[in-house]
Amino acid sequence: MARKLTILTAAELDIIEAFDWYERREFGLGAEFLRCTDACLNLIPRHPSTYQIVHETYRRATIRRFSYVVFYEFNEQEIILYAVFHCSQDPEKWRGHLQ
């Protein structure tokens, strides 16, 4: 059974902000960030329990090539993406995004 993938608005905004930041640094780098993010988001539903639990029931998947991680949790029906954070950000900030 395929799980529904839900990306919360906060996570979408995180992705947009990172895209904009990379694209301002170098044309096309934002698009590469989106490709790598998409690859990560495609792997999570295939193997959701593979990634490490980092806080209560929340897991963290790393985006290849970029210092970003995706925070999510899942059950039998759904995978919920809460945040996409740069690894240098304050851990308390991402914990605040988790419900």
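1. Two strands are taken to pair if DSSP finds at least two bridges between them, and the helices (H or I, at least four residues) and strands (E, at least two) are themselves DSSP runs, numbered from the N terminus. The model is a predicted one, in which local features need pLDDT of at least 70 and side-chain atom pairs count only at pLDDT 80 or more, while totals for chains, interfaces and linings use all residues. Residues are numbered from 1 along each chain as its sequence is written, and side-chain values use heavy atoms, with hydrogens and water left out.

2. The chain holds three helices and five strands, which follow one another along the sequence in the pattern β-α-α-β-β-β-β-α. Of its 99 residues, 37% count as buried, where buried means under 20% relative accessible area, exposed over 50% and partly exposed in between, with a 1.4 Å probe and protein chains only. Among the contacts (heavy atoms within 4.5 Å) with a separation of 6 or more, 46% are made by residues 24 or more positions apart.

3. The five strands form an open sheet in the order 1-5-4-3-2, and the pairing is mixed. Strand 1 (4-7) and strand 2 (52-55) stand at the edges with a single partner strand each, so one side of each is left without a neighbour in the sheet. From one strand to the next, the twist averages 40 degrees.

4. Strand 3 (residues 58-63) pairs with strand 4 (residues 68-74) in the antiparallel sense over five bridges; Arg60 stands opposite Phe71 in this pairing, and Ile63 has Tyr68 as its bridge partner. The two strands form a hairpin with four residues between them, and Arg65 in the turn has a positive phi of about 75 degrees.

5. Strand 4 and strand 5 also run antiparallel, joined by seven bridges, with Phe74 standing opposite Ile79 in strand 5. This hairpin has three residues between its strands. Strand 4 is mostly covered, as six of its seven residues are buried.

6. How do the helices meet the sheet? Helix 1 (residues 9-25) packs on the sheet, touching strand 1, strand 4 and strand 5 (78-86), and its direction makes about 35 degrees with that of strand 5. Helix 2 lies across strand 1, strand 3, strand 4 and strand 5, running at about 140 degrees to strand 3. For these angles, axes are lines fitted to C-alpha atoms, for helices over the stretch in contact, and the values run from 0 to 180 degrees between N-to-C directions.

7. A nonpolar core is here a set of buried Ala, Val, Leu, Ile, Met, Phe, Trp, Tyr and Cys residues joined through side-chain atoms within 4.5 Å. The largest one has 20 residues, and those with the most contacts inside it are Phe33, Ile44, Ile63, Phe66, Tyr68, Val70 and Val84. Helix 1, helix 2, strand 3, strand 4 and strand 5 each supply at least two residues of this core, with helix 2 giving the most, namely six residues. Leaving aside neighbours within four places in sequence, Ile63 is in contact with Phe33, Cys36, Thr37, Cys40, Tyr68, Val70 and Val84.

8. A search of the whole structure finds two salt bridges, a salt bridge being a side-chain nitrogen of Lys or Arg within 4 Å of a carboxyl oxygen of Asp or Glu. In one, the closest N and O atoms of Arg35 and Glu32 are 2.9 Å apart, and both residues lie in helix 2, three residues apart, about one turn of the helix. In the other, Arg65 and Glu32 have their closest N and O atoms 3.5 Å apart; this pair links distant parts of the chain, with Arg65 in the loop between strand 3 and strand 4 and Glu32 in helix 2, 33 residues apart. Glu32 counts as buried because its relative accessibility is 17%, whereas Arg65, at 54%, counts as exposed. Shared partners join Glu32, Arg35 and Arg65 into one network of salt bridges.
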